[in-house]
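Please look over the sequence and the fold shown below before reading on.

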Amino acid sequence: MKLSRTAFIIVLIAFNIAIDQISKVIVRANVTPKSETEIIGDYFTLHNVENTGAFLGMGSDFNPTLKLVLLLLLPIVVLGYILYYILKNKNLDNYSLIGFCCVIGGGIANVYDRVVYKSVTDFFHIDLGGVFRTGIFNVADMSVMFGMGLLLYGSFKNTKKEKASN
């Protein structure tokens, strides 16, 4: 059985939301808040941190009105527009379609946390000896980053294809 395009979009977005929310339920239930557990030495660690801001805690100290607008209303409007765009634009390549679905799914998952918990649960951290180091992040953040990567890849691939046909 082949899924319709719309059903595929809904399933992929729901899958991204589900894996994020399941991972957060597990972390909230089993990882002590503000703790640090080594998974692969100091390189990959598990935490349980409640982030009241956005990416890397930015905006944590905003006043409540600014937080509401920038961390809740604006993301909802943007995610809604992207969903409308991908449902209406039938000419998107598969990389872009999947990329947008990952961005929407990850975005909705974090917005859900902000509405329900007033913060976003973050728990992964990577530190490759100072050469590469992340902030503390979650599965929704990984979905968004993976989606952005697919969008970039799809864009480069389409640009290359257009140049080849000219």
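Two strands are said to pair if DSSP finds at least two bridges between them. In this predicted model, strand β1 and strand β2, the latter covering residues 44-51, pair in the antiparallel sense over four bridges, and within that pairing E38 stands opposite T45 in β2.

These strands belong to an open sheet of three strands, which has the order β1-β2-β3 and antiparallel pairing. Because β1 (36-40) and β3 (120-126) stand at the edges, each with a single partner strand, one side of each is left without a neighbour in the sheet. From one strand to the next, the twist averages 30°.

Elsewhere, V78 is found in helix α2, which spans residues 64-88. The table sets out how these two residues are classed by accessibility.

| Residue | Relative accessibility | Class |
|---|---|---|
| S35 | 19% | buried |
| V78 | 40% | partly exposed |

S35 counts as buried because its relative accessibility is 19% and the class takes in values under 20%. V78, at 40%, counts as partly exposed, since that class lies between the buried limit and the exposed one, which is set at over 50%.

Which residues make the nonpolar surface patch of about 620 Å²? The patch is made by F62, L66, L68, V69, L70, L73, L74 and V78, so that V78 of helix α2 is one of its members.

How values were computed
Residues are numbered from 1 along each chain as its sequence is written. This is a predicted model: local features need pLDDT of at least 70, side-chain atom pairs count only at pLDDT 80 or more; totals for chains, interfaces and linings use all residues. Side-chain values use heavy atoms; hydrogens and water are left out. Patches are made of residues with over 30% relative accessible area and no salt bridge: like charges are joined within 9 Å, nonpolar side chains (Val, Leu, Ile, Met, Phe, Trp, Tyr) within 5 Å. Accessible areas come from the Shrake-Rupley method with a 1.4 Å probe; for residues, only the protein chains shown count as cover. A salt bridge is a side-chain nitrogen of Lys or Arg within 4 Å of a carboxyl oxygen of Asp or Glu. Helices (H or I, at least four residues) and strands (E, at least two) are DSSP runs, numbered from the N terminus. Buried means under 20% relative accessible area, exposed over 50%, partly exposed in between (1.4 Å probe, protein chains only). Axes are lines fitted to C-alpha atoms, for helices over the stretch in contact, and angles run from 0 to 180 degrees between N-to-C directions.
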